[in-house]
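I kept the order in which I looked things up.

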Amino acid sequence: MSKIPPKRTLPSKETTLFKELLTLYETRLLKKALKTADLILKKFPEHGETMCMKGLVLTHMGRREEGIELVKNGVRLDLTSHICWHVFGLIQKGEKKYEEALKSYTQALRFDKENLNILRDAAHLQTQLRIYDGLVDTRHTLLKLRPTLRQHWVALAVAHHLNGNLHEANKILTHYQKSLKNVTDYDVDHSETLLYHIRVLEELGEFSEALAMLDTNAKSRSIVDRTAIMEYRARLLSKIGSDEAEHAWRILVEHNPDCYDYYRGYLSNQGVEMGQESPKALAALKDFSSQIPKAMASKRLALSISSGSEFKELVVSYLSSGLNKGIPSLFADIKALYEDPTKRQTIEEVVESLREQFTPDPSTPPDSSEPTTYLWTLYFLAQHYSYISKHDHAISVLNLAISHTPTLPELHTCKARVLKRAGDLFGAVRCLDEARLLDGQDRFLNTKSAKYRLRAGFIEEASDILGLFTKKDASSPGTDLEDMQSLLYLMEEANAHYRNGKLNLALKKYTAIHKIFNEIEDDQYDFHGYSMRRFTINIYLNLLKWENQLRSHPAYISAAIAASRIYIAVYDNPALAASQSSSTQLTDAEKKAKKKAKKAAQKVQEDPKKGTPAPNHEDKGLEVTPSKDEDPEGSKLLEASDPLEQAAKLLHPLSMLNTNNIEVWVTIFDVALRRKKFLQAVKALNRARAIDPEHPELHIRLVDFHQAASSLSQPPPSPIGPVFMDIKTTLFPDNLSIETFNSQYLQRHSTSAPAILASARVLQKLKAPPEEIDDTVFLTLKEDVVLDLKVAITAVEYLVSVKSTRAEEYRAACDTRFHLSTVFKTPEELKALQQKALKNQIDSTEGGEVLPES
């Protein structure tokens, strides 16, 4: 045993006080602990362990800076104390600095290799950081120290599993189960462990052994989850090709006839994958439908694998039943079938014939079911025509439905959706307001109304609606929604600011989304210990798998791309950040709202909750309390000195995912090229090319890459240089000029509006005459070119950005083509429409809005 340093040695009295200090800290009697620490330090001011403990206590009491400084000084005074390093690790863990915390725990373990608390915390940190080889060693040490604890055996098996060593996990679980004695009946922890062992065997491919274990423990009632038994048994029987598999899947279907996965498992056992036509599978689904008439899943799946006359027969029955029942989500259920144009046409014909059938006849007495059935048929047809971009037809059908029943909110929300798709955002807001006023207490309608207001640019008006359901003591509705991690609100408001040209406010909201995903990632830490204690192993492994793909969430991808584009724009044009000064851009209404929010925030700070006594020990925890936001307008974010580095941080998690979103790789390329990270840029281009080699954005980036590579005075140094030059030739042949490359691309995609626009942007990079660029953009207006609203808006914005003399001509042509849209109106017309929409909102509010119950 190593000799104790003289500075660490304390007399008997102070040693007793130090032990008391540890006990007081564990029981969170912080004030007494602080006094005890001061007593020791009064006599021994350089006792590192006591100084660290005092710093830890002060941090818990909210005196963070003072406490952390004491801890650092204590570590310096005693570098060989496991207590000092353990305390330092606790502080770093509370600050979410997991890598630094693990280093501290590793240091602590050098001086106390068998400390259970340190080993346990180190294991949690290793799992959080996905350092699985180190996790195996740590769990093995814990098992050697406490072999009688069941959770240590299971935790070691899980560590091997996560490290990819399933054989070792199987050996540990087998040995663990042989050593068990006197297991009580209905032991849920033991049941979960058995199910986990069966999962390991299944992943190893030992299907027969897994099935034998399942049957044995199911008969002895050691496994208490009956549904899990049936699911594992059906799956394992299918994998070994047993004749009993079909019966096992049938039992599952009867157990839960609305679970699509059970039907898929049954069909997969028959050798049929979803989407494939199979008479045998169709007959089986019809059999299920006849045996379980109320189950809709079998009837819906039959539509996916049928065709021709059989499909028509089935879809008539399915749609008639849904329309008679008045199921609002019927179209959402059916629209996946629209990928097949034949099925889409059949559905249209069937519903139109049902419409004729259900149309009330004034000459006959009304049937009680006819009016609502007719109404839901019109509702379905409106959604159908809107989905296939026949917006005029959809609106005419909706007007007929609204005249029939003007008090159904779904009709007004559907009309708003149609107008939004057609480009009339102000009309969509008006329709949503009409729907909202039909039921003022409906949170969905109010949220939808606020969302549409944000899309129309009415940010303050949207905040008023959201404020109906947020906390009244919050400084603003937006603050409360951000605390509640409302991704829908943050994305919509960020996009609204982006469209309004307020890049600082948009970036602030995009960054808030990034922080939310960081918090979700941090939240998994507590489950590393909890799941082992509670033996919720299978769910825990699913959680880790989900967390590994967390950043693939659409909200994060959209926010990261949009924020990165803002940073790129600021890098390309540094004057952009200075021009975004919020004080000069605020309207009178925005200034008033800002002042109101500031007063509310001050009131919240000055008027804390009354009647709540402060706790005796005032424990504020080790986590960093959110500090006051010093940049509410996002100006400092926009003025960052390293915008490309900030963008790279946002995009880094996406570069680790195997995503098929080409916009991700295009944005990664844009950042990497500007950072002179040519290998990263080439890799991003290759990933984008693998997804869609003819994508318009990729075409532009290939030209950017060629120009950047050609401008290099010499190739990048080895080992990057040779690889870079080889890939460069693959991406863009040396014997091909950019002009020819662009011309060939335009010829291949002469009927694609996005491709034509991409070709025009390349011409601008080649410094072609403005007339040639304008003529290329105007090719999108040809009759044989498919031009949608989104591309038309992009084209107008592009012509304005290059200061084209024909921008007004193109806008007018789009206004004529998209006659329902308001986005192509002149600024004067847009201002009038905006004022009209605002007036309608004020009138509707004054007209007697139903407020939510308190």
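I began with Glu-519 and placed it in helix H29, residues 503-523, where helices are DSSP runs of H or I with at least four residues, numbered from the N terminus. I work here on a predicted model, in which local features need pLDDT of at least 70 and side-chain atom pairs count only at pLDDT 80 or more, while totals for chains, interfaces and linings use all residues. Residues are numbered from 1 along each chain as its sequence is written, and side-chain values use heavy atoms, with hydrogens and water left out.

I then looked up the exposure of Glu-519 and found it partly exposed, at a relative accessible area of 39%; the classes are buried under 20%, exposed over 50% and partly exposed in between, with a 1.4 Å probe and protein chains only. Glu-519 forms a negative surface patch with Asp-483, Asp-523 and Asp-526. For such a patch, residues need over 30% relative accessible area and no salt bridge, and like charges are joined within 9 Å, with the place of a charge taken as CG of Asp or CD of Glu.

Next I turned to salt bridges, defined as a side-chain nitrogen of Lys or Arg within 4 Å of a carboxyl oxygen of Asp or Glu. My search of the whole structure returned 40 of them.

I looked next at Arg-199 and Glu-203, whose side chains meet in a salt bridge at 3.3 Å, N to O. Both lie in helix H11 (residues 188-204), and because they are 4 residues apart there, about one helical turn separates them. Arg-199 is buried at 16% relative accessibility, whereas Glu-203 is partly exposed at 41%.

Which parts does the salt bridge of Asp-704 and Lys-765 tie together? I recorded an N to O distance of 3.0 Å for this pair; Asp-704 lies in helix H40 (residues 696-710) and Lys-765 in helix H43 (residues 753-765), so the bridge ties together parts 61 residues apart in sequence. Asp-704 is buried at 17% relative accessibility, while Lys-765 is partly exposed at 33%.

My last entry is a network of salt bridges that links Asp-670, Glu-697, Arg-701 and Arg-761.

How values were computed
Patch = residues over 30% accessible without salt bridge, like charges linked within 9 Å, V, L, I, M, F, W, Y side chains within 5 Å. Areas by Shrake-Rupley, 256 points an atom, 1.4 Å probe, with all protein chains shown as cover. Lys, Arg positive; Asp, Glu negative; His and termini not counted. Helix = DSSP H or I, 4+ residues; strand = E, 2+ residues; numbered from the N terminus.
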